[in-house]
Amino acid sequence: MADRVLPPFGFGVLGINHDHVHDLMRCMVEAGGICRGFYAAEADLAATFAAVHPEVPRVGEARQLLEAEDVALIVSAAIPGDRAAIAIAAMRHGKDVLVDKPGVVSFDELQAVRQVQAETGRRHAIFFSEHLAQRATVRAAELVAAGAIGKVVNLVGLGPHRIRAAGRPDWFFRPERNGGILVDIASHQAEQFLFFADAVEGEVLSATVGNHALPSHPGFHDFGDMHLRAGAVTGYARVDWYTPDAMPVWGDGRLTILGTEGSIELRKYFDPAGRPGGDHLFLLNREGVRHIDCRQASLPFGPLFAADMRDRTERAMPQARSFGAMELALTAQALAEGQSLPPWVKAAGRR
């Protein structure tokens, strides 16, 4: 169904505070979307966006896109703390939604978005780019589905990032605006864990956060990890802001998938052995050890999501898994900070 020729659809962009907005734009344009306009309150960000996308008009108010009849989808890479409100407004205006991760930064926001999505029946997708826009991850999924490593038992996801603190805006260091490191970054690892565990929800067994290198920002966490479980599958994720400036990439992101008959390791953005570019996959199984260059692998999310908007299906990503990944990340952040959990959250030891 996803490879059908889809009629063009209009979309609008509300919020451009993260550079992921360009990935979101590219994904939807390649799927047949036409951007009808963008809204940004910040003049400097608007100028930068317009230079990259000169064909897209800037609108003066967000409601112009929310109320536009030729806009079926609202895309947002706003400040994380603003994304839930944007998504709720969009769904209540009859629009589908695609937001950058994290889609929410609190349990209250998660509950509100879940409720409005259920009430309106609109599609609400969170763009977990380390899976959906990363060709090696997509190729790994194909290999796992084909039985290349047997039954998945465990995953290890590493998400190091480069901070360049001097150039970051104020909201970047405020947990109430970014959700904290496990929400902001490790939601990537939470979604990949659920995907490869073939689950839509899981449990957090343990989690920690810390500030080890930025005493000038005492409320900010530059390190976090979490231990997860979904059925018989367990996983560990570690994220940090310690990538040295000397690295040729912003972070040496990795994912290891252990199966009963082998394993897959992804070096997503960098190969220390010297192979160029990213999207490196290493397959170890009974047939031997193989390096697979995944740079030509397809990225199916955009066409699938466009088909979901047309057919009211959930083939690009089950709605429950998108929300389940955010619940895992929020739970890990709360446990790491010693906060109480809402009674509806499934945590280790709670049945």
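**Stop 1: the sheet**

Begin with the five strands that form an open sheet in the order 2-1-3-4-5, with parallel pairing. Strands here are DSSP runs of E with at least two residues, helices are runs of H or I with at least four, and both are numbered from the N terminus; two strands pair if DSSP finds at least two bridges between them. Strand 2 (33-39) and strand 5 (124-127) are the edges: each has a single partner strand, so one side of each is left without a neighbour in the sheet. From one strand to the next, the twist averages 20°, an angle between N-to-C directions of lines fitted to C-alpha atoms, on a scale from 0 to 180 degrees.

Before moving on, note that this is a predicted model: local features need pLDDT of at least 70 and side-chain atom pairs count only at pLDDT 80 or more, while totals for chains, interfaces and linings use all residues. Residues are numbered from 1 along each chain as its sequence is written, and side-chain values use heavy atoms, leaving out hydrogens and water.

Now select strand 1 (residues 9-16), which pairs with strand 2 in the parallel sense over six bridges. Val13 stands opposite Phe38 in strand 2.

**Stop 2: helix 1**

Select residues 20-30, helix 1, where His20, Val21, Leu24, Met25, Cys27 and Met28 are buried (under 20% relative accessible area; exposed is over 50%, partly exposed in between; 1.4 Å probe, protein chains only). These residues cover an arc of only 165° around the axis, which puts them on the same side of helix 1; the arc is that of the directions from the helix axis to the C-beta atoms. Just after helix 1, look for Gly32, with a positive phi of about 105°.

**Stop 3: His131**

Where does His131 lie? Go to helix 6 (residues 129-132) to find His131, which counts as buried at 6% relative accessibility. The His131 side chain makes a polar contact with the side chain of Glu191 (2.9 Å); such a contact is a pair of N or O atoms within 3.5 Å and, within protein, one must be able to donate a hydrogen and the other to accept it, with residues adjacent in sequence counting only if both atoms are side-chain atoms.

**Stop 4: Cys294**

Finish in the loop between strand 13 (288-293) and helix 11 (301-311), where Cys294 lies. Cys294 counts as buried at 2% relative accessibility. For a distance check, the C-alpha atoms of Cys294 and Pro54 are separated by 31 Å.
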